[in-house]
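Please open the model in a viewer and keep the selection panel at hand. The stops below are meant to be visited in order.

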Amino acid sequence: MTRFAFTIAANDGRARTGEIAMERGVIRTPAFMPVGTAATVKAMKPADVRAAGADIILGNTYHLMLRPGAERVARLGGLHAFMAWDRPILTDSGGYQVMSLSELTKRSEEGVAFRSHLDGSRHLITPERSIEIQRLLGSNITMAFDELVPTTSTREVQAAAMERSMRWAKRSRDAFDGRDGAGGEAHAKHNAIFGIQQGALDEGLRRASADALVDIGFDGYAIGGLAVGEGQEAMFACLDYAPAQLPADRPRYLMGVGKPDDIVGAVERGVDMFDCVLPTRSGRTGQAFTRTGPLNIRNARFAEDQGPLDPTCACPVCATWSRAYLHHLVRAGEMLGAMLMTEHNIFFYQALMADLRAAIAAGTLSDFAGDFRARYGRGKGE
Ligand SMILES: [Zn+2]
């Protein structure tokens, strides 16, 4: 069994396609990971997530540590058994959410003390505890614990957060390997850990962060601190240099991205993995992604539209139900509306990734991306 092996089958410009082989299955890259925040990809059964084409999903450390609790999930056999998803799971470190969702956070070199947004209970999350939680969950790709500060912070603040994140990356790696005495050796033999590049929109800080991570050594490398409100132009400007600062023979994961056009642009710039709540969250608010851009199914013009959400989509929802029916379900607040809209959206994202992989393999990515940009967002989903 292969613990973790990344193979690049083809390059096209800066883009690559290939696969990551892990014990629980193969992840085709570029890959999109649906987000399963609370041990569920909201409104979807795991078999449907898989049928849509997902090779891997993401679980959230912060949410699961608070409810139902990492130790409880471990007693119940781990996240895979608990939720009935048997393929790879990547868990985030909890860093982003503890700093964005919880109250009264207090940061120190040791970690982050905070009160739960659910019940006000007190917790401390350190790099070692984050890694322990991810191990208890049974994570296949563990993320290093890092410190985040707003992109609008001064360069001095950004530099200090990046440097602390690199010290925490080392502590995360040591904890993952069992060097903190918490017994991680067995888990480390079968699973992987990624480091996270920080440094906001500063090329020099990003360079220093990449070098520090490579010195520690990780199975893959994430690009963190983007998609936090800086806008697509600024994000792409950063992606013009950030992926190339990371090792070419390791997967590069752009955290929290994004809209379909963000993903196409990031793949062109050498990114291999993505996650975002957008397809699932949008499914619950009536937004569907289509070949020509997003549409809001609540719009009155769909009330008697007998066509599918997207005429070019091969998903079970588009094969079976009309825009008129989905319009009715969503307007009536029926839970099936959220389920079907989410299923279509996850399928749409996976189909986009399959198209990107095929275009890179064929050496036609720039044509594909040009066509995509010419049609996407042009119409109103028609
Ligand atoms: Zn569809």
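**The zinc site**

Begin by selecting the zinc ion, which is coordinated by Cys313 (SG), Cys315 (SG), Cys318 (SG) and His344 (ND1) at 2.1 to 2.3 Å. The model is a predicted one. Display the angles among the four donor atoms: they run from 100 to 117°, and the site is tetrahedral. For reference, the ideal angle for four tetrahedral donors is 109.5 degrees. Along the sequence, the donor residues follow the spacing C-x1-C-x2-C-x25-H.

Cysteine 315 has a relative accessibility of 1% and counts as buried. Cysteine 313, at a relative accessible area of 16%, is also buried, because the limit for that class is under 20%.

**The nonpolar cores**

Next, select Leu239, Leu254, Ile263, Val267, Phe274, Leu356 and Leu365, the residues that touch the most other members of the largest nonpolar core, which has 47 residues. Colouring by secondary structure shows the elements that each supply at least two residues of this core: α7 (155-176), α9 (203-216), β12 (220-223), α10 (232-239), α11 (260-268), β14 (273-276), α15 (335-362) and α16 (365-375). Helix α15 gives the most, with seven residues.

Leaving aside residues up to four places away in sequence, valine 267 touches Ala15, Pro30, Phe274, Leu356, Ile360 and Leu365.

**Aromatic pairs**

How many aromatic pairs does the structure hold? There are nine. Select phenylalanine 32 and tyrosine 349: the ring centres are 4.7 Å apart and the planes lie at 50°, so this pair is tilted. The pair links distant parts of the chain, with phenylalanine 32 in strand β4 (residues 31-36) and tyrosine 349 in helix α15, 317 residues apart. Phenylalanine 32 is buried at a relative accessible area of 1%, and tyrosine 349 is buried at 0%.

Move on to phenylalanine 145 and tryptophan 168, whose ring centres are 5.1 Å apart with planes at 25°; the pair is therefore stacked. Phenylalanine 145 lies in the loop between β10 (141-143) and α7, while tryptophan 168 is in helix α7, so the pair ties together parts that are 23 residues apart in sequence. Phenylalanine 145 is buried, with a relative accessible area of 0%; tryptophan 168 is likewise buried, at 0%.

**A charge over a ring**

Select arginine 269 together with phenylalanine 236. The charged end of arginine 269 sits over the ring of phenylalanine 236, 4.1 Å from the ring centre.

**Leucine 66**

The last stop is leucine 66, found in helix α2 (residues 61-66). Is leucine 66 buried or exposed? With a relative accessible area of 17%, leucine 66 is buried. Beyond residues up to four places away in sequence, leucine 66 touches Phe114, Ser116, His117, Leu118 and His123. To finish, draw a distance from leucine 66 to serine 282: the two are 216 residues apart in sequence, and their C-alpha atoms are 25 Å apart in space.

Technical notes
Residues are numbered from 1 along each chain as its sequence is written. This is a predicted model: local features need pLDDT of at least 70, side-chain atom pairs count only at pLDDT 80 or more; totals for chains, interfaces and linings use all residues. Side-chain values use heavy atoms; hydrogens and water are left out. Donors are N, O and S atoms within 2.8 Å of the metal (3.2 Å for Na, K and Ca); water is not among the atoms, so sites may look incomplete. Four donors count as tetrahedral if all angles lie between 85 and 135 degrees; four count as square planar and six as octahedral if opposite donors are over 155 degrees apart and all others between 65 and 115; anything else is irregular. Buried means under 20% relative accessible area, exposed over 50%, partly exposed in between (1.4 Å probe, protein chains only). Helices (H or I, at least four residues) and strands (E, at least two) are DSSP runs, numbered from the N terminus. Contact means heavy atoms within 4.5 Å. A nonpolar core is a set of buried Ala, Val, Leu, Ile, Met, Phe, Trp, Tyr and Cys residues joined through side-chain atoms within 4.5 Å. Rings of Phe, Tyr and Trp (its six-membered ring) pair if their centres lie within 6.5 Å; planes under 30 degrees apart count as stacked, over 60 as edge-to-face and the rest as tilted. A charge sits over a ring if NZ of Lys or CZ of Arg is within 6 Å of the ring centre and within 35 degrees of the ring normal.
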